[in-house]
Amino acid sequence: MRAAFQEVYGLPAQPVALQDSDWQQIRTTAQLYGSWDHLYGTALAFTFQCEERFDWGHITVQLEANSGAVTGAKVYSDSMDWLLAGAVEEALTGCNFRLEDMQKALKEKIADPAIAKDLCELLEKQSI
């Protein structure tokens, strides 16, 4: 492994001897990053959900709406754009729960115009 590392990265590799305290930190970190809350986040008591598969990946959008406004958003996606879910959540949270307002927010906040267009069309298919 050391030779492969040195070959791939062109850097010298030195073995690291782990102490007992290091193993405890590794277990604690593995437990944190393997937890349900870290992997999937906290559950949202959503009032609206839609999902679809696109060329760029699958997306599920869950929204909590109160008094005509989106008060919470949770988005799950297997897109290679690891920032997409958070960007959609940020764009929709605080928006009026109106098709036009949500589409406008997506067009403004989603970096890839093709993905923003797909998301706007997904919302358009819903009964909003």
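**View 1. Phe 5 and Tyr 9 share helix H1, four residues apart, about one turn of the helix.** Helices here are DSSP runs of H or I of at least four residues, numbered from the N terminus. Welcome to a predicted model: local features need pLDDT of at least 70, side-chain atom pairs count only at pLDDT 80 or more, and totals for chains, interfaces and linings use all residues. Residues are numbered from 1 along each chain as its sequence is written, and side-chain values use heavy atoms, with hydrogens and water left out. How exposed are the two residues, Phe 5 and Tyr 9? Phe 5 is partly exposed, with a relative accessible area of 36%, while Tyr 9 counts as exposed at 55%. (Buried means under 20% relative accessible area, exposed over 50%, and partly exposed in between, with a 1.4 Å probe and protein chains only.)

**View 2. Aromatic pairs: the structure holds three of them.** The Phe 5 and Tyr 9 pair is tilted, at 4.8 Å centre to centre with 40° between the planes. Rings of Phe, Tyr and Trp (its six-membered ring) pair if their centres lie within 6.5 Å; planes under 30 degrees apart count as stacked, over 60 as edge-to-face and the rest as tilted.

**View 3. Phe 54 and Trp 56 make a stacked pair.** Their ring centres are 4.9 Å apart and the planes meet at 10°, so the pair is stacked. Both Phe 54 and Trp 56 are buried.

**View 4. Gln 14 sits in the loop between helix H1 (2-9) and helix H2 (20-33).** Gln 14 counts as exposed because its relative accessibility is 63%. For a sense of scale, Gln 14 and Ala 73 are 59 residues apart in sequence and 46 Å apart in space, C-alpha to C-alpha.

**View 5. The whole structure has one cavity of 30 Å³ or more.** On a 1 Å grid over the protein atoms alone, a cavity is a set of points where a 1.4 Å probe fits but cannot get out, and lining residues have an atom within 4 Å of a point. About 40 Å³ of space lies in the largest cavity; a volume is the space filled by probe spheres set on the points. Val 61, Val 88, Leu 92, Leu 106, Leu 119, Leu 122 and Leu 123 form its lining. Which helix gives the most to this lining? Helix H6 does, with three residues.

Notes. Helix = DSSP H or I, 4+ residues; strand = E, 2+ residues; numbered from the N terminus. 1 Å grid on protein atoms, 1.4 Å probe; cavity = no way out; pocket = protein on both sides within 12 Å on 5 of 7 lines; lining within 4 Å.
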